[in-house]
Amino acid sequence: MSAATNAPAALDVPRHHAFSRFCRAFAKRPAGLAGLGLLVAFGVLALVAPLFIGDDQLNVIKVDGPQLSPPVDGYPLGTDQAGRSVLLLVIWGSRESLSIGLIATALTVVLGSAVGLLAGHYQGWIGKILMHVTDWFIALPSLPLAISLSAVLGQGAASITIAIAVTSWTATARLVRAQTLAVEARPFIERAKVLGAGNTQIMIRHVLPNVMPLILVSSTLTVASAILSEATLTFLGLGDPTSVTWGSMLQAAFLGGAVTAGAWWYLMPPGIAILIVVLGFTLVGRAVEHVLNPRMVGR
Amino acid sequence: MSSLTAAGLAKAKGQGVKRSDLLPYLGSKLAAALVSFMVTLVIGFVLFSLMPADPVRTLTRGRPTSEAQLVQIRLQLGLDDPIWQRFLTFVGNTLKGELGYSWQFQQSVSSLVLDRLGPTLLLTGTATVLSIALGLWLGIRSGWRHGSLFDRIASGTSLMLWSVPTFWLGMILLVAFSVGIGPIPSLLPAGGMSDPSLPQEGWAHVVDVAKHLVLPSLTMVLVVFAQYVTVMRTSIIDEMGSPYLLTARAKGLTDDAVRRRHAVPNALLPSVTMIFMHLGILVSGAITVESVYSWPGLGYLTYEALRIPDLPLLQGTFIVFSASVIIMNLLADVVYRFLDPRVRAQ
């Protein structure tokens with residue numbers, strides 16, 4: 001990390017070294033590797049899903065399986081109320097669940113980093129106001145705010161994504177601000193200022209690359225909570241009723257009486273899928289954190 | 001770093017001053033809490049009064065209404081007044097405890113909230129006490145011997161439970177213990193707070209409510225305690241290297257005494273703040289758990305409001321939830337000051 005920024009003129013060579021060193025250190029953490037493996041497997045499955053899942057398997061009118069049946073031949077995880085294969089639904093649901101999680105995280109990280117960088121760089125009244133706004137948002141309970149926001153914006157993936165971003169950017173903002181303050185105290189920033197670098201140049205060219213690793217760690221953990229929030233908000237009825245996500249499967253199961261029917265085969269797969277993906281992101285995030293922060297050895 | 005405006009103020013003012021500045025400290029905390037509440041009101045106003053495109057259309061959805069009636073409703077809701085006037089009316093009403101009129105229940109939101117407050121307090125209270133006890137105990141144990149088998153099992157379990165949506169865990173517990181699968185018979189009631197066929201008073205009622213309470217509070221405990229384990233474990237590990245523990249050991253104290261008398265009291269302090277700061281999670285837990293178990297509290301009220309969506313009711317629950325978190329944070333600041341002499345001395 002420091003090698004990359006001390007010599008920006010030497011272009012990509014030190015940066016490349018730092019990256020390969022990071023990869024080697026990451027490879028020594030079995031939990032992180034396991035998490036990465038799970039994520040890659042799910043990602044590939046989500047990407048190739050359209051090759052073998054089509055309208056014939058998803059349209060409630062076209063399917064012809066037994067209704068709400070336990071696992072049988074041809075339906076390894078059983079079927080839902082309409083007779084669709086739960087296995088195929090879970091695979092198909094991963095597409096939207098993952099993309100909402102990733103897009104919401106991207107929004108969160110951009111918003112949080114921008115606020116954090118600005119608050120850390122402009123330490124005058126701009127920074128103060130930004131930190132007050134952050135503190136107010138931290139004090140608000142996130143689920144009621146997210147629920148209210150997406151209820152007002154109307155059902156759908158877009159409003160859920162916005163609601164997640166609006167309620168989760170604060171953690172990133174505080175983290176980035178703290179790191180920005182630390183970086184700005186270093187001599188090379190003073191050198192850049194003396195050489196005539198403007199505010200924008202200092203923030204983008206000098207501070208941001210140093211804050212980036214931290215943003216990376218926090219975003220892996222943000223994906224995990226964004227996927228959980230997506231499932232929760234969709235379950236509460238704020239999602240697009242026609243699309244298939246893990247949250248909407250569980251909502252359909254709950255409203256369709258799968259609980260009373262004891263249809264565990266319908267309830268288990270979406271929840272376990274969420275568990276695996278969230279666990280994957282958390283494990284990767286922790287491993288990256290350990291690699292980047294040597295002080296955390298032994299925790 | 002000070003987390004709130006007033007915290008910084010208090011710090012700046014309180015340097016070198018001892019106990020006597022308790023009142024200014026409380027005052028500044030109270031002021032900060034009031035500012036937070038005002039911000040909540042502004043956000044609530046923007047969300048529910050400015051953002052919905054046409055409240056009258058939503059209100060009269062699906063019903064034939066004449067133009068004259070629409071004008072009448074707009075007048076009643078004060079939608080044609082200037083924004084600042086609507087905001088002042090809204091703030092005034094909220095401070096008076098008038099949270100509006102629910103569209104679906106045809107009842108004032110405040111009375112609905114009051115009705116549902118008791119069950120929510122019962123559920124979250126039970127769950128908090130149990131999860132703090134369980135979480136702190138496990139956290140102390142696994143932090144003290146971090147890396148041990150016990151630690152790995154405890155940390156692994158908390159991580160797994162953290163990675164699972166609360167409502168899903170609730171449904172699985174419902175299937176397992178209420179509906180019953182395979183050899184497990186139906187043990188506990190599926191939802192609600194009491195059986196309407198039983199008398200609603202006396203000892204039988206208490207037992208009945210307790211039975212209904214088991215699964216919802218278990219679900220909340222399972223989700224919440226994991227946070228406390230992590231927090232407590234980390235702060236125990238932070239204390240582990242401290243020289244005063246070496247001193248305690250050098251005096252010849254047993255490992256057990258060093259942990260209980262010296263490490264735990266110090267490690268408990270950051271955990272107390274973290275526990276209060278995580279109260280938002282408890283609120284989220286209340287919403288999802290109550291929805292799954294039809295527990296007649298504020299969370300279930302939110303769920304019912306969402307289905308319409310009944311905006312005044314949603315606004316009411318949003319304000320109540322936010323206010324309770326703000327009050328809890330204020331309490332945390334006050335309690336923390338009494339617990340930690342170092343904060344007082346600063």
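B:Gln106 sits in the loop between helix 5 (83-95) and helix 6 (109-144) of chain B. Helices here are DSSP runs of H or I with at least four residues, and strands are E runs of at least two, numbered from the N terminus. This is a predicted model, in which local features need pLDDT of at least 70 and side-chain atom pairs count only at pLDDT 80 or more, while totals for chains, interfaces and linings use all residues. Residues are numbered from 1 along each chain as its sequence is written, with chains lettered from A and ligands numbered from 1 in the order in which they are written.

**Positive phi in chain B**

Most residues other than glycine have a negative phi. B:Gln106 has a positive value. So does B:Ser294, placed in the loop between helix 12 and helix 13 of chain B.

| Residue | Phi | C-beta neighbours inside 10 Å | Exposure |
|---|---|---|---|
| B:Gln106 | near 50 degrees | 7 | exposed |

A residue is buried if 20 or more other C-beta atoms, placed from the backbone, lie within 10 Å of its own, exposed if 12 or fewer, and partly exposed in between.

**Chain B overall**

Chain B has 15 helices and zero strands. Of its 346 residues, 37% are buried. Among contacts in chain B with a separation of 6 or more, 66% join residues 24 or more positions apart. Two residues are in contact if their C-beta atoms, placed from the backbone, lie within 7 Å.

**Where the chains meet**

Chain B gives 44 residues to the contact and chain A gives 34 residues. On the side of chain B, the elements giving two or more residues include helix 2 (22-50), helix 7 (149-162) and helix 14 (311-339). That side divides into 29 nonpolar, 14 polar and one charged. Nonpolar means Ala, Val, Leu, Ile, Met, Phe, Trp, Tyr, Cys and Pro; charged means Asp, Glu, Lys and Arg; the others, Gly among them, are polar.

**A helix pair in chain A**

In chain A, the axes of helix 11 (residues 246-255) and helix 12 (residues 264-292) come within 9 Å and cross at roughly 155 degrees. The two helices are therefore roughly antiparallel, a label for angles over 145 degrees. Helix 11 contributes A:Trp246, A:Met249, A:Leu250 and A:Ala253 to the contact, and residues from helix 12 include A:Tyr266 and A:Ile274. Nine of the contact residues are nonpolar, one is polar and none is charged.

**Confidence in chain A**

pLDDT is the predictor's confidence in each residue, from 0 to 100. Its mean over chain A is 84, with 93% of residues at 70 or more. Residues 1-10 of chain A stay under 50.

Definitions and conventions:
Axes fitted to C-alpha atoms, helices over the stretch in contact; angles between N-to-C directions. Parallel < 35°, antiparallel > 145°, perpendicular 65-115°, else oblique.
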